[in-house]
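Subject: Structure handover

Hello,

Here is the structure for you to look over.

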2 protein chains.
Amino acid sequence: MSTTRPPLAVFRKIILPELEKGLQEALAPWKEHPATLLAEMVAHHFGWKAENGKPGKRVRPLVLLLVHEAAGGWWHQALPAAVAVELVHNFSLIHDDIQDQSRTRRGRPTVWSLWGPAQAINAGDALFAQAFAVLAPLQETFGPARSLEAVQVLARACVALVQGQVLDLSFEVRDRVTVEDYLTMIRGKTAALLAAAADIGALLTGVEETRRRAFREFGEALGLAFQVWDDYLGVWGDPEQTGKSTADDLVAGKKTLPVLYGLSQPESAFARRWRQGSISPEEAPEVARLLAETGAQDYTREQARRFTQQALDALQAAQPLNVPYEALRSLTEELLGRAS
Amino acid sequence: MSTTRPPLAVFRKIILPELEKGLQEALAPWKEHPATLLAEMVAHHFGWKAENGKPGKRVRPLVLLLVHEAAGGWWHQALPAAVAVELVHNFSLIHDDIQDQSRTRRGRPTVWSLWGPAQAINAGDALFAQAFAVLAPLQETFGPARSLEAVQVLARACVALVQGQVLDLSFEVRDRVTVEDYLTMIRGKTAALLAAAADIGALLTGVEETRRRAFREFGEALGLAFQVWDDYLGVWGDPEQTGKSTADDLVAGKKTLPVLYGLSQPESAFARRWRQGSISPEEAPEVARLLAETGAQDYTREQARRFTQQALDALQAAQPLNVPYEALRSLTEELLGRAS
């Protein structure tokens, strides 16, 4: 590793093309099957065919592979697990878009908006199934016991992820949602898969239990920080940088962390406005200001900071190797510092 | 085993209550999670709360456990795998009902018709994930290598199942579908999971490759026979026994095997009528008669018979133990002879 270029940039440069290749290879057999529509749908979803295909951030597989290095492994050996985690993430995005009736993602039409919800359900299901199928080659490197453990960790994370999604959807139609309810929800919906990614990266090296647990805790706290910061940007992010309109989440009526904090003060100007019904894009900047007045902006920023610190503490407790540690720390700070 | 009662009846009596208990135990933790809606949805789906809860036939887990016995195992040890296979089957039913917009199943409202498609997608996803989670305890009995192999076989079957579902949905909007297209479709949609059930039942015992392959072939052919016979009953089944109205599949406009056979004679009275548009329940018996005139009834019956014979031949080639062999043979004949 060069000392002049930061480790994260170097890792990204080496890892991301291999990961993309791994994803494409995992789904390549679908092109040979008569149900070619499946290959078409996922190639569109991953942006492999689009001119303006902007790939996702690949945070989960990066965390898995960097933790694997940090725990003494060689990232290339854990690649199938990283592919599996990214497949699961994308299964959940495709189903999520159906459930939220979102017509675009990363600036391109969603799978369901092009092929209808019925086939989009299939696209998600197939990625989900493939995630477990691609874990097979792990056993050649890590033996069957650790590979089976990886299957277990991933499967449990998927259950937790879906439970989070159940809660998220139920919040939309529920009157009273507390900040605690919300944290339970994102612990499933966002943090479970990141926790599993870190856990799998660690367990495959055979690292001792306490360090494995610390790596897992790092992943979970990182997931929470990530989601809370996402909520912050959804209200106070710079539209130029988020690529969304101002206070987009307020217009969508999403019960995110700052909103729930604001609503916990039922007499605040924000809460009174919220109860009056939906917010137009024109009104959104003013409502975002009302929300900030409740202290929600400081609170949300503080929570994101707290979870980030928790992540960094856990990471240090996991006694990571030096260079991947630097990369994981940069990734964490980047996710919190990010503007989009 | 008693010689006066047929083995299948005895196995059913012993196995089915344990299987039901296994299913309930696998999903019991969901009741403790804040997303209680998930537990509610699946309890409804499995008919655990309903007065008129008529359980499914549990064909896939029965095949898995009987093959396990037939290959020299003890069924009770393979129970987690049987639970997993039934969870996968039910995930696919729940998503299927959303995709087909079916409002009832086994005489009760479907999950999506009660809780909406968005949450029903979650119910299916959660069962899917749980299927892989419940395979864990297998390793205590069978070791990690065979358990991981079971994960692989199940995951690959899930991909094939979804590919079949993609084809099935695409047939609805496609003009020309051949009998061969159809067989490819049901090889995924119906046969893949039954093949996997037999395969897993066998592989867990460590039986030699050729016998394992024969058991798998048995499962696949059984699945094909099962689906073709289902198609037969969908047109010519006795409404009293199928619980559906006469020639239900014709009214629904489904491109099943007999319909595709009839359409392969574009000048037949049936094909001409089919092209004129949807068929009313009143007209259905007459259209079923026209379809029979093309030879489709004999053809479909003959195909079901052929796949059944294939299944029985493969079963014999697998050198099964005597008593479970009798049970599997009865099950096969029962599925073909069944009137509903």
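First, the symmetry. Chain A superposes on chain B by a rotation of 180° with 0.0 Å of shift along the axis, at an RMSD of 0.0 Å. That is the relation of a two-fold axis. The superposition is by least squares on the C-alpha atoms of residues with pLDDT of at least 70 in both copies.

Some housekeeping. This is a predicted model: local features need pLDDT of at least 70, side-chain atom pairs count only at pLDDT 80 or more, and totals for chains, interfaces and linings use all residues. Residues are numbered from 1 along each chain as its sequence is written, while chains are lettered from A and ligands numbered from 1 in the order in which they are written.

The interface next. 40 residues of chain A are in contact with 40 residues of chain B (contact: C-beta atoms, placed from the backbone, within 7 Å). On the chain A side, helices H2 (36–45), H4 (79–100), H5 (111–133) and H6 (138–173) each supply at least two residues. H6(A) gives the most, with 18 residues. Helices here are DSSP runs of H or I with at least four residues, strands are runs of E with at least two, and both are numbered from the N terminus. By class, the side of chain A that touches chain B has 25 nonpolar, 13 polar and two charged residues. Nonpolar means Ala, Val, Leu, Ile, Met, Phe, Trp, Tyr, Cys and Pro; charged means Asp, Glu, Lys and Arg; the others, Gly among them, are polar. The copies meet through the same surface, because 100% of the interface residues of chain A are also interface residues in chain B.

One residue to look at is His95(A), in helix H4 of chain A. His95(A) is buried, with 28 other C-beta atoms within 10 Å. The cut-offs, with C-beta atoms placed from the backbone: buried is 20 or more other C-beta atoms within 10 Å, exposed is 12 or fewer, partly exposed is in between. Leaving aside neighbours within four places in sequence, His95(A) is in contact with Gly124(A), Ile121(B) and Asp125(B).

Now chain A as a whole. Chain A has 15 helices and two strands. Its C-alpha atoms fill a box of roughly 60 × 50 × 35 Å along the principal axes. Buried residues make up 53% of the 340 residues. Of the contacts with a separation of 6 or more, 72% join residues 24 or more positions apart.

H15(A), residues 322–337, has 16 residues and reaches 22 Å from its first C-alpha to its last, close to the 22 Å expected at 1.5 Å a residue (1.5 Å times one less than the number of residues). Its buried residues are Pro324(A), Ala327(A), Leu328(A), Leu331(A), Thr332(A) and Leu336(A). They fall within an arc of 170° seen down the axis of H15(A), so they line one face of the helix. The arc is that of the directions from the helix axis to the C-beta atoms. They pack against H1 (7–27), H3 (59–70), H8 (209–236) and H14 (296–317) of chain A. The face turned away carries the exposed residues Asn322(A), Glu334(A) and Gly337(A).

In H13(A), residues 284–293, Val287(A), Ala288(A) and Leu291(A) are buried. Their arc is within 105°, so they line one face of the helix. Gly295(A) follows H13(A) and has a positive phi, near 95°.

Best wishes

Definitions and conventions:
Contact = placed C-beta atoms within 7 Å.
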